[in-house]
Every structure is written in C-alpha cells, then in structure tokens.
Amino acid sequence: MGIKIMKKFQILGLKRNIDSITEEMMRNKEIELLKTEKYHENFKSSQIKNSYKSCFNKLDRILDSLNLNKIIENINFDKLNKVDLEKFKDFIRPIQQKIDKLERITKKLDAEEKRLNNLIKHVYVMRNIDIELQSLKNLSYITLIFSSLSQERYERLIENVTEVPVLVLEVNRDQDRVWFFTFAKKNYQQKALDILNSANFQRIELPERVKGQPREILNQARHRLNKIEIIRDQISLEFKKLKHRHQSQLLDYYQQLLVFNKITDVNNDFYGKSDYFFITTGWISEENEKEFEKLISNKYKKVIYSSQEVKNVEEENPPTIIENPEWIKSFSSLVKLYGLPKYNEIDPSLFFALSYILLFGIMFGDLGQGFVFVSLGFAIYKNKIDFIKNKNAAYILISIGFSSMLFGTFYGSLFGLEDLIPALIIRPMDNIMFWLGFTVMIGILLLITSMIFNLFNSFKNKDYTEALFSDSGLSGLILYLFLLVNLAFYGIQSKLLMPASVIAAVFIILLLLIFLKEPLGNLLTEQRFSIDKKISEYILESAFELFDTVLGYLSNTLSFLRVGAFTLNHVGLSMAVIILSEMINNYAGSLLVLIVGNIVIMVLEGVVVGIQILRLEFFEIFAKFYSGSGRELIPLKIK
Amino acid sequence: MPAFFQYPAVNAKLKALSSNMLKEKDFQNLIELNSVQEAFNYLYNNTYYQEHLEKFSGQEIHRRQLELNLKKSLVLSEDIIKKFSSSDLKTFIKHYFKKFEIEDLKIILRTILMESEENYLTDNLIYIDRNKKINFNNLIQASSYNEIKKVLKNLHYAEILDEFSDQYQKNKNLFPIEMTLDFYYFSELNRLAESFSSKDKKYFDEIIGTHIDLLNLQWIYRIKRYYNLSSGEILNYIIPYHFKINRKELQSMSQENKSENLVKHIAYQPYQQLLEKAIKDENVIFERFFLNYIFKKLHQIKTESFFTISNILAYLYIREYESRDIITVLEGIRYSLPKDRIKNFLIRKEV
C-alpha cells in the first residue's frame, strides 16, 4: 500500500542486443526511460535510420484501404521474430500495386463523378436554353471560360477585374462556391486566365464529345453516372477479395512491424550510443527490479546493469506509482483530481477514502437511499449497467452507500420518512445546535490529523523549517490547540483557563515563531539568523500571511459546519417531499410523489454532498499537508 | 467580460515582463562582443533569457541552437497571456500565435518537398510542435505532399492543401499555397477582431492594420520592380484588408507601371514619406524602414491605455522584434561584420 519505491537504473550494453533489450523493457509494463539529453552528453544521440517506419506506414495505409481492424489486444512477444524487410516488400508489392490501381481508378471515378455532377448542376440551370453549348466554345472573336471559385474569392475577383476587358457572368452559387462564365476577347484570353489563376479558379470544361443542347447533355451525364456506380460496385468487390485473401498474413506483419517500428523509435529517443555500446537510463519500481535485473543479466551476459536509490527528489523528479487495494484505488482517482502525490509524500488515498465515507454518511444518512446506492454500485460491479463500466464508480457507490445506511439507522431515517423506524442514536433535527457543534468537532479532528500528517511529511523529508515553524507545522498545531482549549474552557466555564496575560504571552510567542519562520529555519539549517529577501518586504509579506493564518484556522474550522448543515438539509428536503405527497389525496399519487421526490433528492443532494466533501477535502485538509505535485510514470508502450 | 476587468491583470504582468526587456545599453554591449559564445554568456548572465537558456549553461553553444531557443522563448508568451485572459481573448491570442505555426508549416513544405536538408527542420521549427492536434514526428517525417496533408487532417491547413492538390501536382509551385496560408491567417485574425469593443478594434487596426498595410505596400513595390503581374493578379494576391490605404489607392497602385511612382497614389502622409525614403535610400535594407516605422508606433501605443488590448499586441510585437534584433546581432558577430554595420541592420535603429 502507498507509494512504490523507485530506483533509477542504467543499462550499458552491446549495440547488437539493443532491440531485444528494448523489447524486454516494453514487456515489463512499469519502466519509464529518460530522454537522452537528460543524462548524458558524452554519448552522441546518433539516430538510427528507422527502416521499419516506411514499411510500417505503407502497411498501415494498406490496412486502412482494405478496412482491416488494426486493434491488437495483446501483443504476443514470443511469436515475434525479426522481420525480413526484403521479404515483406516482396509480399506487399503486388498487393500494393493492386490497391494502387484500384485507388487510381476510384480517384478517376470520383473526379469524373464530381465533374458530371457539377455539369448537371450547371447545365440544369441552362436547361431551357435552346443553344448548342458546343457552339459557344468555338466562337471566333470571343473566348468563353466556364469555371468556379469560392465565394470570397469571387467577390474579390469582381472588384479586381476592372482593368482587363472581360465580362463575368454568374451562373449559379451555393453556400461556398460560385459558378460563372467569363467572356474575353481572344487577344485578352491569356490575361484573363492569369487573373483567374491567381484566384485559384477551377475550370469546368464542357465535354468534348458531348454535343447538343443542354437537355441532351443532361441525359448523357446521368447515363454516365449510372455506369460509374456499376464500376464502383466491382471495385469494392475486388477490395473484399484482396482483404479475404491476405488478411491474416497482413495482420501478422502489422503486429511485428508495429513492435519493431516502436523499438527503433525508442532506441532513437532514449538511448545514447557509441560505436559498439548503447546506454540508457530509466525508472523502475524496486519490487519490479529484482526480476527484471535477473532476466537481463541471465539473458545478456555482456550487459552491465546498475541501479541506485533516489537521492534528491527535487532534482531527479522520480515518477509516482500508487499501489492500493482496489477499493481505495477508486478513491485515488478522486485524489488525482487534485494531483498525484509527489514521490516522497504520503499517499493520502486511505485517509481520503475513510474521511470521505464518514462525511458522506453523516451528511446523507438514510437507510433506504443508502441501500439504493449500494444496489446501484453492485449492479455496476456486476456489469449489469451498459453505459457505466467504470469499476471505480462501483466501489465508491458501495462504500458511501453502506455509510449512508449506517448513519440512516443512527438517525432513524428511511427514504426520508423519519417516523417509520426508531432513531438508534440521535435525531439531528431535534438537536440542531448540538449537531452542528458535533460536526465541527469532527472537522477539528480531521484538521488536526492533517496537520500531524504535515509534521510527519516534513520530518520525513528533513524539512525542519516547515515542520517546526509553519502554520500547519508544530507551531501552528500548538497554536491551534491552544486557541481551541482556551475557547472551549471559556465557553463551558465562562472564565479564563489561565490569566489573560499568560494567554496573550503564549499566543504572541507562537505567532512570532510562525512570523519568523524563514530566519529561524535558516538558523536551524545554516546557523545564520537572516533572510534572503529585503527586510521590509519580508515583514509585509509575513504580516499578511500571519493574518491569513489566524483567520484560516477560524474559517477552516467553521467550514465543517456545512457537514451538519447538510444533515439538516437532507431532513428538510425529505420533509418537503413528504408534505407534497400528503397533499395528494389518492394513494397512488402520493406514492408517486414520494418516489420521484426520493429520486430527486438522491440525484440532486447526492451530487451536491459529494462535491461539498471534495471541497472540504481539497481546500481544508489537503492544503495543509499535500502538494499533489507528483507525476505519473509513463511506461514504454507499443502505442 | 467588460474591458475593465479583462485587461488590468494581464497588462500588469506584461508590464513586469516588459521591464526585463533588453535596453539600448544591452544591445550596445552585445554588439561589442566577439563570439557567439560570449553573446550567449552575456544573455545568460544579464538578461531574462537566462531561464530559456538554462539547459545550455556550461556547454559550448552553436549559433543555430541559440537562435532557435530565442525564437522558442517568444512563443511561450502565449501561455502567459492565455493564463490571464477570458475565453474570447484566449481564442484571439491563440490565433495570433498561429503565425508562427504557419511559418513553421511553410518551412516544412519547402524543406520536405523541395530541398530536404537534414536536421534543418528540427533546427528551425519553433511553434508547430506545440499544437496537440498535429503529430509532430509524423509531420517532419512525411515525405510527400499527400502525407503532409494527411498529418494535418481535421485542420484548416488540410483543406487548403486539398484545394491546391491538383494544381501542385501539375506545377510543383508552393507560392499560391503560402499566399493562401497567410491569407487565411489574416482573415481569421480579422474575423476574431470583429467582436472586439470599439476601443480594442481601434488598437487592433493601429497595430495589425498598419502591419498589413505596410506588407501590402512592400509587396506591390517589389512586384512592380522585379516582376510583371497584371493589376488583377496583384489585387488577388495582396492581403485584402486595409487601414490607411483604401481600395481605390490599392487599385490605382496596382495599375501603375513604374515602381518609383507608387508614392503618388498614397494619400496618407506618413506612408508616403516612408515609401519615398525607403525607395531613395539604398544603403539601408528596404524592409527595415517599415519595421522601424511599426517599432516606433508600438512604443507610442504601448503606454496609451491600460484597459485595452493595445498593451498585449504591442508587447507581442516588441518582444518579437527584440529577438529578431538579437538574432541579427548574433549573425553579425558570427560573420564578423564591423560593429557599426551590425547596428544598421537592427529594427530599433532609427532610419
């Protein structure tokens, strides 16, 4: 449980083993390599030419055009052997040629079809004109250009052709293109074409062979379109044949090339190389290492494997792998919203999970509704619900559901009905002030725990300044407890625990300690009582911080009032639903209102409570001890 | 979001960043240096570029690497500004930075399709690897027009490449594609600026509008001087937005035969003087007149208003010009130009 211990390893090996060692590392799913420049300048990062890439890309395209499913579930490393690229090329060449040919034809058909459709569209506009279009093409003094442009460019063209004697005649337009005739005198033909060219026009040629009036042209075009359809069918049949014949072998090659392509990429990205050796560095978890080391040293005698422990977390920035039992893991996913724990930090998942479950129960205590959550969770767990497959959701629902049921029995609440079962411990609505106070107490406990966590963290990292003098360190903790004790005593006995002067003195001393955090810290670590900033700046900054600290204790504590408030809120909402259902006279109607009301409460309040707890955890608790600035391990993977 | 809330935070941040920028004195000092390594040390020890050059400290540095990293530091401003912006402004800023992406794309097209010099791409691309919708590795390893197009699928660039596909296969001419990319950049920028408040729009015109005007002006001049295109073609190629030069003027300029006479067609005095000077004075690089004009304008604008986009735009331009100037100095040092000649290539040097 917690965060796995990481080690930095280094592999120095012979270049001829490079591919298979990369393969080993990919198989092991918890290894992260460091980019070359990060660790070694003396080794040149010579790039090996990746001869697999072009083959892989080719194959990839073939698979695409054959519409083959490329998703490979499990790569079977044992079945892999070196691809003979020459053989592969020989195998693929005829297929490629065939596909190329088919695609060329398809492209031609596409172009033809597009042209015909265009033609139909525009000739259709002229269908009632009784002229031979062909004759327009062969005028002796005037050239006719039929073409299309994007609207934007067309507008500009119209504005810009003021100088050349041409006539532009719009024929048709849709949302983005305009089709038009351009008439120009023969001796201006080239100029007109230049201008149209600069606007990137698309010329539409009236077909050579087509003769006759627009209506006849339309008929011919449609006839031709039908023919194209038939050819297309034949082509798709050809594709299917190809697919059927070569499917399994293509996929075999695909899997192999995929791996080797990746291996070569990894070699280029992560390895330093000299003439005969390569070197690489990466992260591996301690528990994983033993096996990996054994594997490498057994298989490759000439490989030098070494590893070292993390010395300086700040500098080396090792990745974090959290390891937890399944149900805590599901809460870890919520912790990750805040951030992954840094390598040397406590993993707060367990604490988070427990406090989350506890708070949810308190805020949303209802035997019946809790049971609904639990059942929902089980349904997800058993894959009974199609659209939620996420196991995390299942674990979370089940645990908060049970908590809700437990507190429901404490409060005596069942589907919002408060009088059906007896309250085992307390009815919050009848003891409002007590209940609010109680929840604040829970808050205080949580806050103190989180400060202790902070103490623990800082001592572990030998950050004594933070541990002793920060507002959530030892000084802060004592100050907070001191304030609480005095307040509580005054609240109960209506007199001061100690003489006012003593209280003031202790208070001020503790504040001073926090105020002087930086110089005191320097005194402790470097034996000098000084600061690195300007004194005025420091005083101003610390004064504000101090103000914020004292205010923070108050607001953080009071923030937990919301826990009690939501308990009451839950009862209140239920009461509203019950009153509504009682207003309806017939039995079925009121039952319906009760059910719908309960669903609304569960969804609406469930979400709100869930978010409020997250808020409490993130702002009030995590802020005290958790940086969440860790980074996830990025394992070497095929994809 | 009302302008009142939108700008102060980002402007305060930019003001702080601006105060770190290189001073006149820094450029003086840089020019005095004798090697690229010394220049690197100077930048590393005395300027805010330190954080961008950290990884080279204690190493020998190559000029190309240094230049690349200076340029790359430029595009990081995007993140800073976006962090402080509302969503509308963010969209605009995001698109503003696409100009670097488009430049990268042009380099890629040229390198892959025409010259294919090894390592050239990795040494020169500054922005395009930031775009998460593009698979960078596949892009720079592409080897044909269609492969590039495929990597860019789902982006507008692919549509542009598609539009020119046939034509490119026929004549292998990248020019119209590059023009269309620029065209797309400016029209999209302009479209986004349309939703600006009138004040923001004013400053947008003052800066970007001036920039476009001057680009068009230089373009027409060059065409008139070195090529022979018809009026219609010129007008089709220029960026179709104008600020102080109106359509009529552009039209009559495009019909003018002699490049020297272009000045006559411009009514706006500052441009007129600028072009006149640029044509006459052959000792200074033609383009620098225009850059310096914008540069001066930026310094005027940058302090004018705290509650508009003016600061952001001015900052971005000035920052870009700064790194261009540093690079000019570096190149001057590398090729051992006399100190006072280097000065004459700087944008900030008064013309």
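Start by selecting Tyr338(A): this residue is partly exposed, with a relative accessible area of 30% (buried means under 20%, exposed over 50%, partly exposed in between, with a 1.4 Å probe and protein chains only). Before moving on, note that this is a predicted model, where local features need pLDDT of at least 70, side-chain atom pairs count only at pLDDT 80 or more, and totals for chains, interfaces and linings use all residues. Residues are numbered from 1 along each chain as its sequence is written, chains are lettered from A in the order in which they are written, and side-chain values use heavy atoms, leaving out hydrogens and water.

The ring centres of Tyr338(A) and Phe618(A) are 5.1 Å apart and the planes sit at 50°, so the pair is tilted (rings of Phe, Tyr and Trp, for Trp the six-membered one, pair if their centres lie within 6.5 Å; planes under 30 degrees apart are stacked, over 60 edge-to-face, the rest tilted).

Next, select Phe352(A) and Phe622(A), both buried. Their ring centres are 5.8 Å apart with planes at 40°, so this pair is tilted.

Last stop: where chain B meets chain A. Which residue of chain A forms a salt bridge with Arg247(B)? Select Glu159(A): the closest N and O atoms of the two are 2.8 Å apart (a salt bridge is a side-chain nitrogen of Lys or Arg within 4 Å of a carboxyl oxygen of Asp or Glu). The count between the two chains is 2 salt bridges.
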